[in-house]
Amino acid sequence: MTLSNNVLCLQLQRWLLVAVTLFLLLTGALAQGEEEEDGPYRGKYLGKLNSYHHQVSGDVYAVNEFTFLIVGFNYDGNGADTFFWSGASNRPGPQGFIVPDEYGKTNILDRYHNKDFTLTLPDRKKITEIKWLAVYDLNNQNNFGDVYIPEDFEPPMAQLGGTFSKRSHNVSSSSIQILDSKTIRIKDFTYDGRGKRTFFWTGVGAQPSSRGSKLPDERGYLDPIRKYNMETIDLQLPGDKTIFDIDWISVYDVADNENYGHVLINDGLNVPPSLVKVIPFEFSLPNCRQLHKDLQVSWEVFGPQITFQLSGQVAANDYMSFGISGSDVSSQMIGSDVVVAYIDEIRGYSVDYNITSLAPCVQVLGQNKGVCRDDVVGGLDSFQLNTYARKDGINTISFRRLLKSSDDGDKEIFLDRSNYVVWAFGQLDSNNEPAFHTYYPKSDIVIDFNTTEPVNDCFAFTSQKETPPQLWERTRITDASVRSFNAYLGPSGGLRGYQGLTGHVSSGLAWYINGYMIPELYLKRGLTYTFKVRGGNNPHSPEHYHPLVITDDPQGGYDRLSDAKQSEIRVLAGVEFTRRGRPKPTAAGPLCLSRYPPNYDRRLDDIFPTFKKFNRSLITECVDEAPALLEITPNITWPDTVYYNSFTHGNMGWKIHIVDSYTNLRNGARALTWSLAIILLPWLVLQY
């Protein structure tokens, strides 16, 4: 009996030991899993660096097939010949290769203290082709710290998902791609654009429902989405939201609570972490409305006053604008009363503007029309600046005004009903005036400023490295036989057009010469040239009155400048002066304008890969009158570079090169051709 009890006791001890071991293993696995999920998603966790010497430590993640993320890396910098080192041998040793540091350099490592950075394997090597990453001293062949790659390791990669279900309004797509933890690519996306208030919509649960939230479109807008026809678009989840926080993406109409089509998101996707930086932001006022991915307005009503705060992820020389619509039944820019807020190198500004036309502020028969400051048109600046700051690329400006101002030009802010509002942001021109806005809504925006409970749909700003769009082709007219130029007006295009080609802000219109947008002209001294000008001859129109002038000033808009600035500019053609010394244009011809087709959204200009395709989409309308003629004969007193521009508006034209001989141009072209031939000759030889 005693022997049986002893055997039984021994078996119980063994079972207990196995149970404890399994518990410890399970606890360790859970702990590792918790460590992976602690904080933002960083990729697939590989483990902590094993520390042997020189205080090496840190956590290592795989970002994708080629890249490591090291978090909280430490190294005292005292190694003699130390590098990041990797290889395919069983353990770190002399058989391996240097992994460039976070700057892509292969320099000896300096001291690191709690630093986060990425390392990319050289020569497109993959993480699955190596067995370890180490901090290794080549001089002493000493391993200071390492982490090992599991044999069955699968690196994070873009994952294919399902297709949008075809429920209504022609919603369809090919298989979506989840590029990283925040980015979804939808290929061949189609939607007829006929919903009432339809958005990209996301949330949790088995099926889409009204308890979701807006997903900004491919350009960051939160407006009802447009029509799409077999387009490929990238959507980015807003704020700190990731693909692991949602179950579906829908094309959803909030007016009728109807799902037009959706796609489900699988759980546990092994995707790369997003490189988008989430910028935490604290709201100082109780109410907040997200107007665009990069712009939000917050407010608080106190007695007869309202305090606003505009916050935007904008460039240092950009403005933010917000105000009450010019219409009581829709969001309308014309007639609106807005604030233009910006920060220069010294201080912040909140300036009251009145918008009577979608054009820069110009004088029309003695009166200022367009986007004009209130104090310029006889009103008062009703906004009082409170605070301003720029941090992490975000401008934050707060200001206040009376709900009902004494200025007749100011719109009343109602508390007993909703208010239609407008907003925009874009670049300031050289006079710190708002240029033609880059971002603005196309739908109605309604805000109730008097809420019983605070409202807040704002989310954190995000930033990432943007790839600038490829510019449209530059055009140079160098033909010596061309002595006549047809000058008319057309849209300035988006970032690929005027703004990208010149580096200047756009006024919305540009000069088209002989069918090209702002070509560079090459004119020879001593020859006579004629410009046939069709830029509008109605001085009552602030938008379409553009006499052509030629000066040595690249900006243009001579009539808008102060007397002091005008005195610094040399006028070469297109202006004569009255007895009182006032400038008067001489080349104001009838209007010929290339327009957008009806219902076109000019915010889509950059989807055109070339100017030729963009130009084909326009509709040209010309008044049937003879053009104004501007004849010029450049001489030896003319500078080598002058500019054709508008007399009334800035930033509409471009360069005229004044040359002594066209032969130099042809020789330069021949020299370029021979240089290219010499460069390409070895390649051509190899082809045969």
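Predicted model: local features only at pLDDT ≥ 70, side-chain atom pairs only at ≥ 80, totals over all residues.
## Overall picture

Along its principal axes, the C-alpha trace of the protein chain spans about 130 × 80 × 50 Å, and the protein chain contains 5 helices together with 47 strands.

When contacts in the protein chain between residues at least 6 apart in sequence are considered, 66% of them join residues that are at least 24 apart.

In soluble globular proteins, nonpolar side chains tend to be buried together. In this model the largest nonpolar core has 48 residues, and those with the most contacts inside it are Phe 531, Ile 550 and Tyr 644. Strand β35, which covers residues 509-513, gives the most to this core, contributing 5 residues. Apart from this core lies another, of 26 residues, which includes Leu 291, Ile 343, Leu 403 and Trp 423.

## The surroundings of Tyr 644

If its neighbours within four places in sequence are left aside, Tyr 644 is in contact with a set of residues that includes Trp 511, Ile 513, Ile 518, Pro 519 and Leu 521. Also among the contacts of Tyr 644 are Leu 548, Val 549 and Ile 550, as well as Gly 653, Trp 654, Lys 655 and Ile 656.

Key:
Residues numbered from 1 in each chain as written. Heavy atoms only, no water. Core = buried A, V, L, I, M, F, W, Y, C linked by side-chain atoms within 4.5 Å. Buried < 20%, exposed > 50% of the residue type's maximum accessible area, 1.4 Å probe, protein only. Helix = DSSP H or I, 4+ residues; strand = E, 2+ residues; numbered from the N terminus. Contact = heavy atoms within 4.5 Å.
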